[in-house]
Amino acid sequence: MSYLLKDLYSPLFYDKLSSVLAKTIPAFDEQKFIRLIYVPEFDAKELKERMKHTTRVLNNFMPADYAESVKLIEKIIAQLRMERIGEDSLPYMFIPDYIETYGLNDFKNSVKALEFTTQFTSCEFAVRPFILKYELDMISEMQKWSKHENHKVRRLASEGSRPRLPWAMGIPFLKKDPSSILPILENLKCDDSEYVRRSVANSINDIAKDHPSIVLDLASRWSGLSKETDAIVKHGSRTLLKQGHAEILKHYGLDDKGIHLSDFKVLTPEVKIGANLEFSFSIENTNETEQKVRLEYAIYYMKQNGQLAKKVFKVSERPYPPGTKINVNRKQKFVLITTRKFYLGKHQISIIINGIEKDISIFELV
C-alpha cells in the first residue's frame, strides 16, 4: 500500500495531539475532539483540507478572546517540546494556519504568535495574508525579525516575504516594487545559517523574474564580500543565467567566443513515455587561454495547445583549459510526474553554451 502525505494526519497523530491539548487547554474534552475530527468525510480530505479541518476543530476548544488563544498556543508548543513531539514536522502546520485563520484582524498579537510559532514550525505561508493586509507595517516587523537571535525567525523574514514563494499566495505589491524587502536581504546576506542564506538567494531569484536590474546591482555590490555572499548571488541569479541574460553572463565572465559545439546527435529520435531521451555532443575550447564554460541543454516540451514550452537544464560549469575537448552523453527522463503532463508529438532539444543557444534538434514523443 502506498503512503499518502494526507495520512500524516493519522489516529496516532491525533491521539498524541489530544493528549497534549488535554494538558494545556482548560476543560479540554479529548473524546469530543476525536469525534469532531473523524467526521464522515474525513477520509476524502487531502493534506491541506485535513490541516484546515484540524484548525477548525481546535477552535471549538480555544478561548473566544484571541489574545488568550495566543497564550495557549505558546503553552501547547511548550508542552509539545517537553514531550519531544512535532518540531519542524509538516502536520503541525495547523498551528500557523490557526494564527492565519483566526488572528488576521489582530496585528499585534498575531505578530507575537508568528514570531514564537515559527521557532517550532515554519510560518512562511501563514505570514503572507498579514503582508497582504498590512503591507509595509508587516514588512517593518519582518525587518526586525531579520535581526532576531533565532535563525528560524530570521529565515521567516526572508522566506515569508518572497514575492513569489512557491505553493503560496503571491504578493503583488512586492512583485511590482520589492524595494521594501531589500533591507531584510541586506541584513541577512552574511547570516551564520546556510538555511537563512539559501532563503535570501531564493528571494533574490524571485526578484530577478520581475526586476533583473535590481539583482544585477546586488550582484555587483555583494560579489567578492565572502564565499557565502558569492554563493547567494550565484544561486539568486539562476533564472537570469538560464535565460541567457547578457549582463549576468558578463558578470560571470561567460563568453562563448572560441567554444565550439560539434557532433550533436539525438540518439533516440523516438521516445516512449516512461523511457529516456538520449543525446550526445562534443565541446571544445579553441582559445589560447582558459575559458569558463556553463553548459546547459533545453527541452522544448509540447503543450496541449501544440505550442512548445522551454525548460533549461544545467550540465556543468567549470573552466576549460586551452585546447580541451570533451564528449558529453546525457539522458533526460520522460517518466510521468505530478507536476508535468506529457503530450505526444514533436519536441525539440537544444545545446546552450554560456547562455547562447548553439544548435537545436527534433525528437518525437510516441
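**Close-up views of a predicted model**

View 1. The structure shown is a predicted model. A search of the whole structure finds one cavity of 30 Å³ or more. The space in the largest cavity comes to about 40 Å³. Its lining is made of Leu21, Leu58, Met62, Ile73, Ile76, Phe94 and Ile95. By class, these lining residues are seven nonpolar, no polar and no charged.

**View 2. The largest pocket has a volume of about 640 Å³.** Its lining counts 26 residues, and the closest to the pocket centre are Met51, Leu90, Met93, Phe125 and Trp167. Helix H3 (47-59), H5 and helix H9 (151-159) are the elements that give two or more residues to this lining. H3 gives the most, with four residues. The lining of the largest pocket divides into 14 nonpolar, four polar and eight charged residues.

**View 3. The second largest pocket holds about 350 Å³ of space.** Of the 14 residues in its lining, Asn205, Lys209, Thr239, Lys242 and Lys311 are the closest to the centre. Two or more lining residues come from each of helix H12 (194-208), helix H15 (238-242) and E5. Three nonpolar, three polar and eight charged residues make up the lining of the second largest pocket.

**View 4. Five strands form an open sheet in the order E2-E8-E7-E4-E5.** The pairing in this sheet is mixed. Strand E2 (270-271) and E5 are the edge strands. Each has a single partner strand, so one side of each is left without a neighbour in the sheet. Strands of a sheet pair through backbone hydrogen bonds, either parallel or antiparallel.

**View 5. Strand E4 pairs with E5 and with E7.** To strand E5 (residues 308-320), E4 is joined by 12 bridges, and the two run antiparallel. Met302 stands opposite Leu308 in E5. The hairpin of E4 and E5 has five residues between the strands, and Gly306 there takes a positive phi near 90°. To strand E7 (residues 345-353), E4 is joined by six bridges, again antiparallel. Which residues of E7 are the bridge partners of Tyr300 and Glu296? Tyr300 has Gln348 as its bridge partner. Glu296 has Ile352.

**View 6. Strand E7 is largely enclosed by the rest of the structure.** Why is E7 described as largely enclosed? Seven of its nine residues are buried, so the rest of the structure largely encloses E7. Nine bridges connect E7 to strand E8 (residues 356-365), and these strands run antiparallel. Ser350 has Ile360 in E8 as its bridge partner. E7 and E8 form a hairpin with two residues between them. In its turn, Asn354 has a positive phi of about 50°.

**View 7. Phe334 and Phe363 form an edge-to-face aromatic pair.** A pair of aromatic rings is described by the distance of the centres and the angle of the planes. For Phe334 and Phe363, the centres are 5.7 Å apart and the planes are at 70°. Phe334 lies in the loop between strand E6 (325-333) and E7, and Phe363 lies in strand E8, so the pair ties together parts that are 29 residues apart in sequence. Buried here means under 20%.

**View 8. Ring pairs link aromatic residues into a cluster.** The count for the structure comes to 24 aromatic pairs. The cluster takes in Tyr9, Phe13, Tyr14, Phe28, Phe33, Tyr38, Phe42, Phe61, Tyr92, Phe94 and Phe120. Phe94 also belongs to the lining of the largest cavity.

**View 9. Lys234 and Arg318 lie over aromatic rings.** Lys234 is placed over the face of Tyr252, at 4.9 Å from the ring centre. Arg318 has its charged end over the ring of Tyr320, 4.5 Å from the centre.

Notes
Residues are numbered from 1 along each chain as its sequence is written. This is a predicted model: local features need pLDDT of at least 70, side-chain atom pairs count only at pLDDT 80 or more; totals for chains, interfaces and linings use all residues. Side-chain values use heavy atoms; hydrogens and water are left out. Two strands pair if DSSP finds at least two bridges between them. On a 1 Å grid over the protein atoms alone, a cavity is a set of points where a 1.4 Å probe fits but cannot get out, and a pocket is an open set with protein on both sides within 12 Å along at least five of seven lines; lining residues have an atom within 4 Å of a point. Grid points are joined across faces, edges and corners, and a volume is the space filled by probe spheres set on the points. Ala, Val, Leu, Ile, Met, Phe, Trp, Tyr, Cys and Pro count as nonpolar, Asp, Glu, Lys and Arg as charged, and the others, Gly among them, as polar. Buried means under 20% relative accessible area, exposed over 50%, partly exposed in between (1.4 Å probe, protein chains only). Rings of Phe, Tyr and Trp (its six-membered ring) pair if their centres lie within 6.5 Å; planes under 30 degrees apart count as stacked, over 60 as edge-to-face and the rest as tilted. A charge sits over a ring if NZ of Lys or CZ of Arg is within 6 Å of the ring centre and within 35 degrees of the ring normal.
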